[in-house]
Amino acid sequence: MEHTCFDNRELSWLKFNVRVLEEAEDETNPFCERLSFASIFQSNLDEFFGVRVGSLYDQMLVSKDIRDNKTNMTCQEQIFACFDQVKLLTQRKDSAYAALNKGMREHGVEIVTYHDQIDAKDAQFLDAYFEHEIRPLLAPQVVGKKQPFPFLKNKAIYAVVILGSKKNSKNDRKNDKKNDKKMIRMSSWGLSRVRWTCFRVWRGFRIIRTGIF
């Protein structure tokens, strides 16, 4: 007997998060509340993958034959179904976020890049702030054949750097241990500046690629 009237637990939770996203998309809501709902949507999704999808993955490692008692879906089928739904939701979230960014610009708040969209005076102030307030908190760690992969804390911000020399290449992760000051006068500057400070920290190496995650 097929239980077609029931919905999968994880997919049902994603439908709940859709309603959160709809509040962020609703132009009749106050603008700051829409920003809050967009943030809640993303934090919910982070927890969803950390807890619910993670639990499904653990179950799948134990046995691939474990099935949901409502929809008869295996753990793998549930994970893939979640991926399909999240892909669509991410597209909606990106569109909502773009609309919210446009609204923020209308209120005088804008996300800018460090090297292309600020003047010399602001760059000087931000460089000084970075050197005194942020750089001391960075903790570079090398990942290579002789170094174990470091423990990555949940919800922390990491900059990854691929270093190249004449003989080899290696990965490095710089952990922003305290990321509660993400925004001072202009957002997005801090992470961009972290990337550029890699050239100072790893002198003598060739910077092949950098990224933030």
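Colleague: Where is the kink in α2 centred?
Modeller: The kink in α2 is centred on Phe48 and amounts to about 35°; the bend at a residue is the angle between axes fitted to the seven residues ending there and the seven starting there. Please note that this is a predicted model, in which local features need pLDDT of at least 70, side-chain atom pairs count only at pLDDT 80 or more, and totals for chains, interfaces and linings use all residues. Residues are numbered from 1 along each chain as its sequence is written, and side-chain values use heavy atoms, without hydrogens and water.

Colleague: Which residues of α2 are buried?
Modeller: Among them are Phe41, Leu45, Phe48 and Leu56, where buried means under 20% relative accessible area (1.4 Å probe, protein chains only). The buried residues of α2 pack against α1 and α3, with contact meaning heavy atoms within 4.5 Å.

Colleague: And which residues of α1 are buried?
Modeller: The buried residues of α1 include Trp13, Leu14, Asn17 and Leu21.

Colleague: What covers the buried residues of α1?
Modeller: The cover includes α2 (31-62) and α3 (75-106).

Colleague: Turning to the strands, why is β2 largely enclosed?
Modeller: Seven of the eight residues of β2 (residues 157-164) are buried, so the rest of the structure largely encloses this strand.

Methods: Buried < 20%, exposed > 50% of the residue type's maximum accessible area, 1.4 Å probe, protein only. Helix = DSSP H or I, 4+ residues; strand = E, 2+ residues; numbered from the N terminus.
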